[in-house]
Every structure is written in C-alpha cells, then in structure tokens.
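This report looks at charged side chains and their partners.

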Amino acid sequence: MAQQDASPAAEDGVAAVKQPVRRGKNVRGLRTRQELLDAALSCFSEYGYARTRISDIVFRAGVSQGNFYRHFESKNEIFLESLRPSLDELTASTGRSVVGSGVDLDTMVVLATSYLTSYTRNRHILRVMREAAASSAEEGFTQLWLQQRAGYVERTGRWLRRLHQQGAIAETDFDLLADVLGSTIEQTAYVHIGLAPEAPRPERIHALAAVVGAVWHRALPLVDGPHTGPGSAV
C-alpha cells in the first residue's frame, strides 16, 4: 500500500496498451462516443466480454452500427477504453497518503478499506477484465491485467522500502513480500466482491478489510519499538 508516484508504473500500465483513436471531436460526436462507452460498460458488466456483441452496445446506446465504427475499430478497443475510468479510480484509491499513520493494525485496515471500497464501486467491469485476461486469446487483456497488478505491487514495494528506511520494518525480500501482500487483497476483492451476487454493504467491506489488514500487519517484519514515521496508501 504505497504512495502514488509520477512514474509509468503509477499509471498501472494502461498507457502501455494501444491507445484508442480519438474520433468525433465535435460536441455531437463526443456525446455519441460517451453514449457508446456507457452502453459498453453496461453490456460488459451484464454479459461479460465474450457474450457482449457490438449489436448489443449500439442497441443500448441508441445509435447505428455504422456510427459505432466512426468511433471505435472493434469490441476490443471499446472494452479497453471503457475500463479506463475504473482503473483510474482504483489507482487513485491506492495512492492516497494517510497523514500521521504508521504500521499499526488500524492503519492497515484503513488502507484495505480504501481499496475494497473502490473495487466495490467498479466490481463488475474489474471482474470482467480479469476473466477476459484468463479466457480470451486477445493478448491485450492479459497485458492490461498484468500491468495493472505490476503497478500495484511496485508501489507496495516502494512503501515497504520506505518503512525499512524509517526503521519500522526489518530487511526482507521487499519485492516478494509486496507480491504476496498484493495477491492477498486482490484475490479477496475478486472472490468476495467481484464474484458476489450483490455488492457488499459497508459492514461487509469493513469485515473483509479487517481480515486483510490483520494479514498485512502480521506479515510485516516489524522492528520492536515505536514508529512515528508516516505511512501511505498503496
């Protein structure tokens, strides 16, 4: 759970995926493009990637199929762009500093809550992204998911190294620990939020965050003695 940095990794790899072509720059074109994106997000969330058809998207958007191709080259392109707001929000939720925090259990729970709350708001499309990466032959989906995850793990590693420099934790394999910690919260979010039939209520999110926070706290190689340095969210 590390501070967001102004680096390519902080963008969670989205920039490395082929950028969509910006078409339809007039007001009407921009409105149509947004309507298509909103419809695509709804369809992908409801049907999944494989079962969503371009005809479903244009029907829900209320535009012609020809109009679709004025803005997007393929279903793949609109899927990747429809993911962007959710990925941006998840990145933002894991890049907020916690003023005056350290390595105590309460801090770990707060950081986990921030991530899980953001995941809940975007749970359908984030689940679809992961499932598309696992089942689709399209390499872009796997690349996007791996880069999203790599950015999270890298920021966690930097956070661990800062804690070590502050004397809060002992020397360890920071990269491996960051990967394991990231896997813990990511899998918890996917199974208990992404796959859940309904979005969890706040009390359920807090219960999940309490368990994840306890796991993170116990996994840190804490150094005996008080720690007054600031911690920060991944």
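## A buried arginine and the salt bridges

In this predicted model, Arg130 is buried but has no salt bridge. The nearest side chain of opposite charge is Glu186, 4.5 Å away. Arg130 is found in helix H6, residues 123-135. Leaving out residues up to four places away in sequence, Arg130 touches Trp145, Glu186, Gln187 and Tyr190.

How many salt bridges does a search of the whole structure find? The count is nine. Among them are these:

| Pair | N to O distance |
|---|---|
| Glu46 and Arg60 | 3.0 Å |
| Arg127 and Glu131 | 3.7 Å |
| Glu154 and Arg158 | 2.9 Å |

Glu46 sits in helix H1 (residues 27-47) and Arg60 in helix H2 (residues 54-61), so their bridge ties together parts 14 residues apart in sequence. Glu46 is partly exposed at 48% relative accessibility. Arg60 is also partly exposed, at 35%.

Arg127 and Glu131 both belong to helix H6. They are four residues apart, about one turn of the helix. Arg127 is buried, with 15% relative accessibility, whereas Glu131 is partly exposed at 31%.

Glu154 and Arg158 lie in helix H7 (residues 139-165), again four residues apart, about one turn. Glu154 is partly exposed at 41% relative accessibility. Arg158 is partly exposed too, with a relative accessible area of 22%.

Salt bridges with shared partners also join Arg149, Asp179 and Glu186 into one network.

How values were computed: Residues numbered from 1 in each chain as written. Predicted model: local features only at pLDDT ≥ 70, side-chain atom pairs only at ≥ 80, totals over all residues. Heavy atoms only, no water. Helix = DSSP H or I, 4+ residues; strand = E, 2+ residues; numbered from the N terminus. Buried < 20%, exposed > 50% of the residue type's maximum accessible area, 1.4 Å probe, protein only. Lys, Arg positive; Asp, Glu negative; His and termini not counted. Salt bridge = Lys/Arg side-chain N within 4 Å of Asp/Glu carboxyl O. Contact = heavy atoms within 4.5 Å.
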